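Here are some notes to read alongside the structure.

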Amino acid sequence: MKYLDEYRDGERARQLAREIHRITTRPWNIMEVCGGQTHAIVKFGIDELLPKFITLIHGPGCPVCVTPLEIIDQALEIAARPEVIFASFGDMLRVPGSTTDLLSVKAGGGDVRMVYSPLDAVRLAEQNPARDVVFFGVGFETTAPATAMAVYQAAQKGLKNFSMLISHVLVPPAIEALMSSPNCKVQGFLAAGHVCAVMGYEEYPPLAAKYHVPIVVTGFEPLDILQGVLMVVQQLESGRAEVENQYTRAVQREGNLPAQDLIRKVFRVVPRKWRGIGEIPQSGLGLNDAYAAFDAARKFGLADRQVAEPAECLSGLVLQGQIKPHECPAFGQRCTPEHPLGATMVSSEGACAAYYRYRRQTPDVAGKTP
Amino acid sequence: MSQVPIENFALACPVPLAQYPHVLLAHGGGGKLMHQLIGKMFLAAFRNPLLEAQLDSTVVEWTGRKLAFTTDSYVVRPIFFPGGDIGSMAVHGTVNDLAMSGARPLYLSSAFILEEGLPMETLWRVVCSMRDAAQRCGVQIITGDTKVVDKGKGDGLFINTTGIGIIEHDRMIAPQSVRPGDAVLVNGDLGRHGMAIMAVREGLEFESRIESDSAPVADLVRQLLQAGIEIHCLRDLTRGGLASTLNEIAEAAGVRIDIEEKSVPVREDVHAACEMLGLDPLHVACEGRFAMFVAAKDAERARQIMRDHAVGAEPAVIGRVAESSMPLVTLKSVIGASRILDMSSGEQLPRIC
């Protein structure tokens, strides 16, 4: 397929892998930030082509995985209300809250609908004037423009029955939080290509300089990822720590300016709790004062709450790259995609789910599954 | 009379699926949750050797003849979709289940659950479509049932069909016959039915219209048998797609199945639509496709027979069966690395970004 098959070419992949082998002289830890990249790495077996002592650490870039339990519980509470149509992206539906998940709320009578775009939720609000339509706005900078557009359109149309439960997060503050941790083992980053397609990568040079880490903006196909790894290793081996762009077919330095304008028009930067990691300053987007009427948490008078994660779930350590999924004692035992303890086992982009689905036969993972 | 407090009320048997107090849609998705439901609820309650074989159609012996018997319910929405409708699908699906034991389909029943308010014209179109499909498949619809439910209590129209066929060969077509070394074939490109339905249902517009692969395959199976192809196992690729089917067979046969990703036929438009939604075509449902396990010597001849038949679009040999201490399906990815091809958990859910 055009624009797809050429980035999955087996021979070209092996060439890139050989080049990485050729230039690698010592162990390196490289984090791919985005869950989409994690999924591709495990699905295509990209890490099997790499030298043994290059470790890919799977980062916190799965929006489903980092949405805090408190907000999922709020979503469950809103979705169960009889007057509400609760609209969400598909992969949020199975994420466990403290007691249940959205699919179970639906089975219990809640009107939960899967949508493909926040604008579909605006349309639902127009079609159902007697109901309150609430959209679950989660995701990184990639989905933020569409979420912003939905709020903007709802305001233009004067919709009073539309609101959003928002848990948008931002990548650069998360990289900063990871790098400033004393336990951080990451020596280089593959930055998330689609996030950069929206935001550009002007935020990254200060991070690369401050922590002396190479950051390569990378795409999602096997050849993209292998080339991204090659570029990071080239920098590491030569002692450089620069920002480079592998994903030039989609990403420009300044990003998508109209999308950024829209984000700024609707949102402001707020502190945000990340599931498994904790609160990171300036790492989220919330509605600004002009659009506060569309804030579902405010509209439904939901109290702020603190909920404890199941103690068995070590997804926080997985998300920070401190352990690999199968090093969690619950992995494959008490925690499976059918009965997930934490969000990283739910989403197809979660590191635990990816290991469970694709890696059960590899010896170090196999010992952990029934 | 005072009511019994609910906590003091116990059923004779505990409900076997305690983790899920309600049925979820995923329990019908063809993945692991559905297998748990069937295993722990239905098999546990109805246990008998014929049911435990868990074949698409059960083979019963009757006065020295072997009959295949199967049933299936059709709840597809929308009722009419590109490439078919609920009526033709209700005939093809049940005929195909019979074909998966190598049977010649003979008779169908047809039970309708109609929602009050369904336009008569809609029902007539569906009935005509069933009539035409039955004619093409050489089966007769010989008994039926009609129920009407209150408006809002049904989704327009549900159909159940039950089928009987006769087995006129001596092969044991079942997972137990699968042997290490067997070749695995599919009779055509995968994932078209599921993506055609999803495109219409969700209002997704792709450049080209994806048409369902709904088609009867009984005649193709008959030709393969007549040509003397040493068929060991057949299974249709409906809910859960190729991934679920192969896992079921690996489990039942106690073997490893190794698939080559680049040999699996998926049309470009289906592949593109799946990529866009974050779905895997190997998990998407088909309605006119099946997996076939044959002795390796017959693989190429079987592929040619499939290719030359009207319903065999792009057949392919996609993998091999290997000996294994634990049942497993592996997929060699396009870049040459190997991984597990797992059964999906429930419904496939499109991703966020």
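This is a predicted model: local features need pLDDT of at least 70, side-chain atom pairs count only at pLDDT 80 or more; totals for chains, interfaces and linings use all residues.

1. For the complex, the predictor gives an ipTM of 0.76 and a pTM of 0.83. Chain B has a mean pLDDT of 89, with 92% of its residues at 70 or more.

2. Now for the overall build of chain B. Along the principal axes, the C-alpha atoms of chain B fill a box of roughly 70 × 60 × 50 Å.

3. How much of chain B counts as buried? The figure is 47% of its 353 residues. Also have a look at which parts of the sequence meet: among contacts in chain B between residues at least 6 apart in sequence, 83% join residues at least 24 apart.

4. Next, the place where the chains meet. Chain A brings 40 residues to the contact and chain B brings 30. On the side of chain A that touches chain B, the elements giving two or more residues are α1 (10-23), α2 (35-44), α3 (63-66), α5 (102-107), β5 (132-139) and α15 (351-358) of chain A.

5. In soluble globular proteins, nonpolar side chains tend to be buried together. The largest nonpolar core here has 218 residues, and A:A87, A:V134, A:L165 and A:A191 are those with the most contacts inside it. Helix α11 (residues 222-237) of chain A gives the most to this core, with nine residues.

6. Which residues is A:V134 in contact with, leaving aside its neighbours within four places in sequence? They are A:I78, A:V84, A:F86, A:A87, A:S163, A:M164, A:L165 and A:A296.

7. Chain A is assigned domain 1 (1-312) and domain 2 (315-366). The C-alpha centres of these two domains of chain A lie 19 Å apart. Where they touch, 31 residues of domain 1 of chain A are in contact with 23 residues of domain 2 of chain A. On the domain 1 side, α2, β2 (54-61) and α3 of chain A each supply at least two residues, and α2(A) gives the most, with six residues. By class, that side has 14 nonpolar, ten polar and seven charged residues.

8. Chain B is divided too, into domain 1 (57-167) and domain 2 (175-340). In chain B, the C-alpha centres of domain 1 and domain 2 lie 23 Å apart. Here 22 residues of domain 1 of chain B are in contact with 23 residues of domain 2 of chain B. The elements giving two or more residues to the domain 1 side are α3 (86-99), β5 (103-115) and α4 (120-137) of chain B. Of these, α3(B) gives the most, with nine residues. That side of domain 1 of chain B has eleven nonpolar, seven polar and four charged residues.

Conventions. Residues are numbered from 1 along each chain as its sequence is written. Chains are lettered from A and ligands numbered from 1 in the order in which they are written. A residue is buried if 20 or more other C-beta atoms lie within 10 Å of its own, exposed if 12 or fewer, and partly exposed in between; C-beta atoms are placed from the backbone. Two residues are in contact if their C-beta atoms, placed from the backbone, lie within 7 Å. pLDDT is the predictor's confidence in each residue, from 0 to 100. Helices (H or I, at least four residues) and strands (E, at least two) are DSSP runs, numbered from the N terminus. A nonpolar core is a set of buried Ala, Val, Leu, Ile, Met, Phe, Trp, Tyr and Cys residues joined through C-beta atoms within 7 Å. Domain bounds come from an automatic or database domain assignment. Ala, Val, Leu, Ile, Met, Phe, Trp, Tyr, Cys and Pro count as nonpolar, Asp, Glu, Lys and Arg as charged, and the others, Gly among them, as polar.
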